[in-house]
Amino acid sequence: MSAVAPDSHGSTVDLALTEQERNELRLALRIYVTDLRTEISHTDRYEFREELKAKRAVLEEVLRRLGESTSATAGQERQEEAR
């Protein structure tokens, strides 16, 4: 799997992952996002809570994109097999 994502300066970064690496990354991100949800619910300071929510949104988008790339890759493989 290869993913392209913007870095902190707005440019993109290519990341090639094996299936196992992609699965482990998704698992680690899911665990961290779950922990963030708990931390958000226990945070009293508004500014910090908003920072955590923004971080959670970024990581959820990464998870979504990792899932999309799996579907896109599977679709491409099926098309190639059909040829």
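**Figure 1. E50, a partly exposed residue of helix 2.** The model is predicted: local features need pLDDT of at least 70, side-chain atom pairs count only at pLDDT 80 or more, and totals for chains, interfaces and linings use all residues. Residues are numbered from 1 along each chain as its sequence is written, and side-chain values use heavy atoms, with hydrogens and water left out. E50 lies in helix 2; helices (H or I, at least four residues) and strands (E, at least two) are DSSP runs, numbered from the N terminus. Between the C-alpha atoms of E50 and I40, which are ten residues apart along the chain, the separation is 8.3 Å. The side chain of E50 also meets that of K53 in a salt bridge, at 3.4 Å from N to O. A salt bridge is a side-chain nitrogen of Lys or Arg within 4 Å of a carboxyl oxygen of Asp or Glu. Both E50 and K53 belong to helix 2 and stand three residues apart, about one turn of the helix. K53, with a relative accessible area of 30%, is partly exposed.

**Figure 2. Further salt bridges, at R64 and E61 and at R45 and E47.** The structure holds five salt bridges. Side chains of opposite charge can pair when their charged atoms come close. R64 and E61 join their side chains in one of them, with 2.5 Å from N to O. These two residues, R64 and E61, are separated by about one helical turn because they are three residues apart in helix 2. An α-helix has 3.6 residues a turn, so residues three or four places apart point the same way. R64 is partly exposed, its relative accessible area being 40%, and E61 is also partly exposed, at 33% relative accessibility. In another salt bridge, the closest N and O atoms of R45 and E47 are 3.8 Å apart. R45 counts as exposed, with 52% relative accessibility, whereas E47 is partly exposed, with a relative accessible area of 48%.

**Figure 3. T43 in the loop between helix 1 and helix 2.** The loop that holds T43 runs between helix 1 (19-41) and helix 2. Is T43 buried or exposed? T43 counts as buried, at 10% relative accessibility. Its side chain reaches the backbone oxygen of E39 at 2.5 Å. Neighbours within four places in sequence left aside, T43 is in contact with F48, R49 and L52, where contact means heavy atoms within 4.5 Å.

**Figure 4. L52, a buried residue of helix 2.** L52 lies in helix 2 (residues 46-82). L52 is buried, as its relative accessible area of 4% shows. Which residues does L52 touch, not counting residues up to four places away in sequence? L52 touches L36, E39, I40 and T43. The C-alpha atoms of L52 and I40 are separated by 6.4 Å, although the two residues are twelve residues apart along the chain.

**Figure 5. Helix 1 and the largest nonpolar core.** Helix 1 has 23 residues and reaches 33 Å from its first C-alpha to its last. This reach of helix 1 is close to the expected 33 Å at 1.5 Å a residue; the expected span of a helix is 1.5 Å times one less than its number of residues. The buried residues of helix 1 include R22, R26, L29, V33, L36 and I40. A nonpolar core is a set of buried Ala, Val, Leu, Ile, Met, Phe, Trp, Tyr and Cys residues joined through side-chain atoms within 4.5 Å. The largest such core has nine residues: L17, L29, V33, L36, I40, L52, L59, L63 and L66. Helix 1 and helix 2 are the elements that give two or more residues to this core. In soluble globular proteins, nonpolar side chains tend to be buried together. Residues up to four places away in sequence not counted, L29 touches L59, V62, L63 and L66.

**Figure 6. The chain that surrounds these views.** The chain contains two helices and two strands, and along the sequence these follow the pattern β-β-α-α. Of the 83 residues in the chain, 16% are buried. Among contacts between residues at least 6 apart in sequence, 38% join residues at least 24 apart. The chain exposes about 6,300 Å², and carbon and sulfur atoms supply 52% of it. Accessible areas come from the Shrake-Rupley method with a 1.4 Å probe; for residues, only the protein chains shown count as cover.

Technical notes. Buried < 20%, exposed > 50% of the residue type's maximum accessible area, 1.4 Å probe, protein only. Polar contact = N/O pair within 3.5 Å; in protein donor to acceptor, adjacent residues only side chain to side chain.
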